[in-house]
Amino acid sequence: MNTRLQRYKVWDRTTRVFHWINAATVIALIAIGILILNTDILGIKGEAKILLKSVHVYIGYVFVLNLVWRLIWAFMGSHYARWRQILPLGKNYLTSLKRYLLNSGNERPYLGHNPVARLIISLFFLLLSLQAATGLILAGTDLYMPPLGGYFSEWVTEGDQARLNQLKPGDKSQVVDSAYKEMRSFRKPVITIHIYGFYTLLILVFTHVLGVIITEIREKNGLISAMIIGEKVLDDTHQDE
Ligand code: HEM
């Protein structure tokens with residue numbers, strides 16, 4: 001068959017900027033998360049531990065804002081940035097997934113996400129949203145940082161103004177013991193989800209990077225550079241959906 005290579009505009013600028021800010025912040029959050037998990041072994045305590053967690057939260061804010069903007073952009077962005085091109089839904093999805101898996105290696109390349117990538121990216125959005133929500137709660141319970149810090153500091157001091165004025169992250173001298181215990185039991189499942197989310201994310205990041213490398217080698221259509229310049233190079237036998 002006579003095929004012609006052509007450049008196709010696939011990822012818009014917002015999607016590309018989101019992708020790289022997301023990659024950078026997730027890597028930083030994972031790296032600092034590993035340090036937080038191992039503070040005892042590393043001998044990090046007191047002020048240094050609070051600082052480490054605060055840096056994690058500040059990077060977390062950038063990560064959350066970037067993520068929220070992308071979730072909104074999926075309603076209004078260009079064709080390939082939209083939910084319809086991402087979510088593993090629609091009447092043809094299962095058929096195309098089966099075809100993609102059974103024909104692996106011989107499938108015509110996709111202009112947007114292939115069916116397996118749609119599944120992985122949807123799981124990513126779900127998991128990242130879960131990390132964002134649990135992280136924001138933890139920032140409030142542990143460090144009394146926004147957006148929920150005010151609520152949790154009222155809780156542990158039972159609204160006592162004198163205690164509130166003196167309350168500092170990590171310092172238990174101003175908390176009411178019973179209220180603090182209640183807050184800690186509320187927090188327990190949240191930190192558990194945050195930690196298991198972290199482990200699942202490690203697996204997903206690995207799968208994503210491996211998937212991109214395999215697809216790039218197999219299809220040679222500039223998948224990685226497309227996330228930088230926005231364009232894929234394909235012949236005219238590609239698939240659109
Ligand atoms: C990709 C996203 C994220 C990953 C992979 C991640 C990972 C982790 C890990 C592994 C820990 C250590 C758990 C522990 O032993 O305490 C941690 C702790 C923490 N994370 Fe995240 N995190 C993410 C996002 C966020 C966000 C968005 C925030 C808030 C804005 C946040 C706030 C916190 C806080 C406050 C802690 C300390 C909890 C404690 O007191 O131990 N995280 N995170």
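**Close-up views of the ligand site**

**View 1. Iron donors.** His56 (NE2) and His194 (NE2) are the protein donors of the ligand's iron atom, lying 2.1 Å from it. Donors are N, O and S atoms within 2.8 Å of the metal (3.2 Å for Na, K and Ca); water is not among the atoms, so sites may look incomplete. Histidine 56 belongs to helix α3 and histidine 194 to helix α9, 138 residues apart, so the pair links distant parts of the chain. Helices are DSSP runs (H or I, at least four residues), numbered from the N terminus. The model is predicted: local features need pLDDT of at least 70, side-chain atom pairs count only at pLDDT 80 or more, and totals for chains, interfaces and linings use all residues. Residues are numbered from 1 along each chain as its sequence is written, and side-chain values use heavy atoms, without hydrogens or water.

**View 2. Iron geometry.** The arrangement is octahedral because the six donor atoms around the iron subtend angles of 87 to 180°. Six donors count as octahedral if opposite donors are over 155 degrees apart and all others between 65 and 115.

View 3. Arginine 187 places a side-chain N or O atom 2.6 Å from a ligand oxygen. A polar contact is a pair of N or O atoms within 3.5 Å; within protein, one must be able to donate a hydrogen and the other to accept it, and residues adjacent in sequence count only if both atoms are side-chain atoms.

**View 4. Nearest residues.** Of the 24 residues around the ligand, Lys53, His56, Asp142, Arg187 and His194 come nearest. A residue is near if one of its heavy atoms lies within 4 Å.

Technical notes: Tetrahedral: all angles 85-135°; square planar, octahedral: opposite > 155°, others 65-115°. Helix = DSSP H or I, 4+ residues; strand = E, 2+ residues; numbered from the N terminus.
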